[in-house]
Amino acid sequence: MPSFELIHIYPSTFHSKLLEQEVKGLTLGNGRIFISWQHFEEGHEDDDDKLHVGLHEFAHAMMIEYQHFQYVSPWKKWRYIGERMMTEIRTQETHFFRKYGATNIHEMWAVTVETFFEQPKEFRTQHPDFYYATVAMLNQDPCARMEILETI
Ligand SMILES: [Zn+2]
């Protein structure tokens with residue numbers, strides 16, 4: 001991602017002047033990623049809780065790098081399903097995706113990427129259309145990889 005020239009690592013949460021709050025990670029359009037190392041490690045250690053600040057921030061970075069996916073052909077379908085999913089999240093008491101995803105399409109994308117890598121099989125079972133739309137966006141299928149490894 002050539003637009004991103006700097007990754008700031010903080011020991012733990014840090015204050016964002018922009019958001020006026022303590023945060024675990026932040027990705028800015030000027031090519032900078034900020035990450036709490038404590039939360040990066042925690043997210044990485046627990047690999048199936050659908051929380052991973054590293055995946056989350058790099059998903060934002062990817063979206064910025066590819067100009068909000070305006071020229072990425074699978075995006076149109078992904079966005080259509082993603083917006084439907086945001087409505088579901090807002091109206092349902094509990095949902096497979098965490099509430100934060102319903103904030104806006106950027107957060108929906110980042111939360112989906114975390115979920116995609118941390119619970120791919122559950123994702124595919126519960127929302128197959130959305131799972132395969134994400135496969136098309138990221139050009140990889142973690143379930144297929146897991147199934148190949150299981151047969152070895
Ligand atoms: Zn975010």
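In which sense do β1 and β5 pair, and over how many bridges? The two strands pair in the parallel sense over 5 bridges, where strands are said to pair if DSSP finds at least two bridges between them. The structure is a predicted model, in which local features need pLDDT of at least 70 and side-chain atom pairs count only at pLDDT 80 or more, whereas totals for chains, interfaces and linings use all residues. Residues are numbered from 1 along each chain as its sequence is written. Helices (H or I, at least four residues) and strands (E, at least two) are DSSP runs, numbered from the N terminus.

The hairpin of β4 and β5 has 3 residues between the strands, and in it glycine 31 takes a positive phi near 90°. Strand β1 (residues 6–10) is hardly covered, the count of buried residues among its 5 residues being 0; a residue is termed buried if 20 or more other C-beta atoms lie within 10 Å of its own, exposed if 12 or fewer, and partly exposed in between, with C-beta atoms placed from the backbone.

The buried residues of α1 (residues 37–45) are His39, Phe40 and Gly43. Seen down the axis of α1, these residues fall within an arc of 105°, so they line one face of the helix, the arc being that of the directions from the helix axis to the C-beta atoms. Their cover includes β5 (32–36) and α2 (53–65), whereas the face of α1 turned away from the buried side carries the exposed residues Glu41 and Glu45.

Elsewhere, helix α3 (residues 75–91) packs with helix α6 (residues 128–138) at an angle of about 140°, with their axes 9 Å apart. The contact is made by Trp75, Lys77, Trp78, Ile81 and Met85 of α3 and by Asp129, Phe130, Ala133, Thr134 and Met137 of α6, residues being in contact if their C-beta atoms, placed from the backbone, lie within 7 Å.

Phenylalanine 97 is placed in the loop between α3 and α4 (105–118) and counts as buried because 23 C-beta neighbours lie inside 10 Å. Leaving aside neighbours within four places in sequence, phenylalanine 97 is in contact with Met85, Ile89, Val111, Thr112 and Thr115. The C-alpha atoms of phenylalanine 97 and threonine 115 are separated by 7.5 Å, although these residues are 18 residues apart along the chain.

How values were computed. Axes fitted to C-alpha atoms, helices over the stretch in contact; angles between N-to-C directions. Contact = placed C-beta atoms within 7 Å.
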